[in-house]
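Student: I am new to this structure. Could we go through some of its side chains and rings?

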Amino acid sequence: MTAARRVLLIGGIALAVVGMCHGTWYAVFAEHQALDRIGASLASAFTRAAEQNPAQVKASLSNYREAKYVYERQVDAHGHWIGLAMLLIVLGIAFDRIGFSEKWQLVLAIALLAGAALFPFSVLVQTLDHGPLPRALSVASSGLMIAAMAAAAWGFALNRPRV
Amino acid sequence: MHSTIDSLLAGSGAHFSRLSARRLLVLGGIGLILVGMIFGDIFAVFVLHQNAARVGAGLGAGAGAAFAGDGASVVAHFQDVGSFLENRGTKIDTHVHMIGFGYLALLLAVLQPWIAFSEITKRNLAWLFLLGAALLPLGVFLIHYVGLAYSPLRAIGWASIIADAGGLCVLLVTAAYLTGVYHHFRGAGLRLSSDSLLDSRATSATRLLVGGLILILVGFAHGAYYAASDLYHHEAQDYTILSKMALGAASRDGVQIDNALTEYAQLQGDRAVKIAAHSHIIEFGLLAMIMAFFQPYVNLSERWRRRWTSTLLAGSVTLPVCVLFELRFGLLAGALADFGGLLVVVALLAMWIGIVRCAGSLDAGPEMTS
């Protein structure tokens with residue numbers, strides 16, 4: 001097995017395990033609480049509106065916004081980690097069909113693994129830090145992933161079919 | 001061409017004999033994807049839009065109750081909204097998990113030659129996987145209808161218990177197969193033993209591989225564009241519109257509530273079609289790439305294999321593109337999106353039948369294969 005395939009297959013399986021463990025932890029310990037908080041804060045906002053208490057309406061909606069922000073990023077990180085892991089495994093199985101030298105295959109595999117690991121991680125970090133750094137990491141890692149995927153598509157196209 | 005495929009098939013025939021683990025996982029995996037897609041199409045046509053309208057109506061009724069100063073009714077209306085969202089969420093989860101398990105079954109089928117267990121063990125694990133993969137979506141689908149009826153637990157109903165048991169089966173089988181892969185590589189020193197199935201360079205397989213990769217690439221680019229241009233804007237809009245709605249109710253301003261309800265429905269629609277287009281194009285791309293590996297098992301002529309490949313790729317482009325235009329062109333785009341989904345289902349069904357035929361020819365002996 002070439003080093004590039006090893007990076008993709010082992011890296012993909014490891015990433016899938018990380019994504020599943022994160023998903024299991026979140027489903028058991030955090031998801032129901034998050035959904036309860038989202039629903040309760042929204043209902044509370046309208047109950048306060050019925051009482052004509054705009055200050056409490058705003059407080060409840062801020063609570064709703066924060067809970068939803070975190071919930072959506074947790075779910076996105078889980079889904080993207082597992083989805084990208086499956087993609088790495090599929091690419092790893094087929095990687096010998098890429099018409100590049102072994103050295104460039106390895107570079108491409110490392111770029112794919114780095115993008116697939118860092119992008120969901122940066123989404124998760126956004127729940128802890130609302131500043132520009134995690135967003136910049138998201139942009140950089142997704143850009144790396146897209147560039148590496150484009151190169152892989154080019155490599156597959158270079159490898160002519162035997163008809 | 002046919003002889004190339006036949007020679008590949010002869011090499012991989014050992015892994016695809018009657019009721020082998022690989023055959024069970026390939027046929028079961030494609031079957032799960034097909035059922036999941038048909039379920040998704042039925043859900044999109046008969047449930048999705050009606051349910052979205054009910055959620056919107058429930059939110060409007062909640063805002064109306066707040067406008068009338070009736071706090072108790074607000075809570076009741078939001079409980080209704082919660083119930084509608086649960087109904088929608090469990091249907092989507094059924095659709096997504098069935099297709100996801102189908103993909104996982106196909107990936108595990110590819111890995112079969114590198115799993116260091118006896119064929120009987122692998123076959124029993126495959127049956128257990130398929131049982132779990134069927135039970136989880138079924139249980140999730142029933143959650144909304146069964147609720148907590150006759151449940152021995154306070155918070156979790158029978159449907160959730162069945163779904164969790166199904167998920168546990170899938171998790172255990174996947175872990176067992178990965179253990180088998182570990183034992184294989186520990187013995188073979190990270191060498192991949194030959195599996196001629198993966199050596200296929202037929203045009204149909206290459207088209208699926210490259211086409212699938214391009215679909216995923218387009219999906220990634222669209223996702224990046226969505227994140228840059230819409231994601232944070234949508235989140236801010238969600239908060240702003242709900243604030244307008246609630247503060248309108250607090251100040252007894254009916255016009256502001258109505259405007260906010262209209263804006264909120266448009267926002268949810270815009271967001272839903274963009275996310276659906278992003279996820280569907282990537283999933284179809286992944287499906288095309290995985291199906292590329294199994295082309296040698298599709299017992300059809302290369303010409304027909306290419307036709308079904310083109311049909312699958314055409315449907316994979318049509319559905320997400322038309323979903324994206326649903327807000328602008330309404331029912332026409334929706335109907336075309338459903339047609340795209342149908343193309344993918346038909347192409348996948350044709351490949352599934354080809355694989356059944358292949359297994360049938362293996363059962364009947366080499367003279368049938370030739």
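Student: Is B:Phe141 buried, partly exposed or exposed?

Tutor: This is a predicted model, in which local features need pLDDT of at least 70 and side-chain atom pairs count only at pLDDT 80 or more. Residues are numbered from 1 along each chain, and side-chain values use heavy atoms, without hydrogens and water. Buried means under 20% relative accessible area, exposed over 50%, and partly exposed in between (1.4 Å probe, protein chains only). The relative accessible area of B:Phe141 is 26%, so B:Phe141 is partly exposed.

Student: How many aromatic pairs are there over all chains?

Tutor: Rings of Phe, Tyr and Trp (its six-membered ring) pair if their centres lie within 6.5 Å; planes under 30 degrees apart are stacked, over 60 edge-to-face, and the rest tilted. A search of the whole structure gives a total over all chains of 9.

Student: Which kind of pair do A:Tyr26 and A:Tyr71 form?

Tutor: The ring centres of A:Tyr26 and A:Tyr71 are 6.5 Å apart. Their planes are at 35°, so the pair is tilted.

Student: Which kind of pair do B:Phe39 and B:Phe141 form?

Tutor: The centres of B:Phe39 and B:Phe141 are 5.7 Å apart. With 85° between the planes, the pair is edge-to-face.

Student: Is B:Leu32 buried or exposed?

Tutor: B:Leu32 is in contact (heavy atoms within 4.5 Å) with residues including B:Met98 and B:Phe101, its neighbours within four places in sequence left aside. Its relative accessibility is 9%, so B:Leu32 counts as buried.

Conventions:
Chains lettered and ligands numbered in written order.
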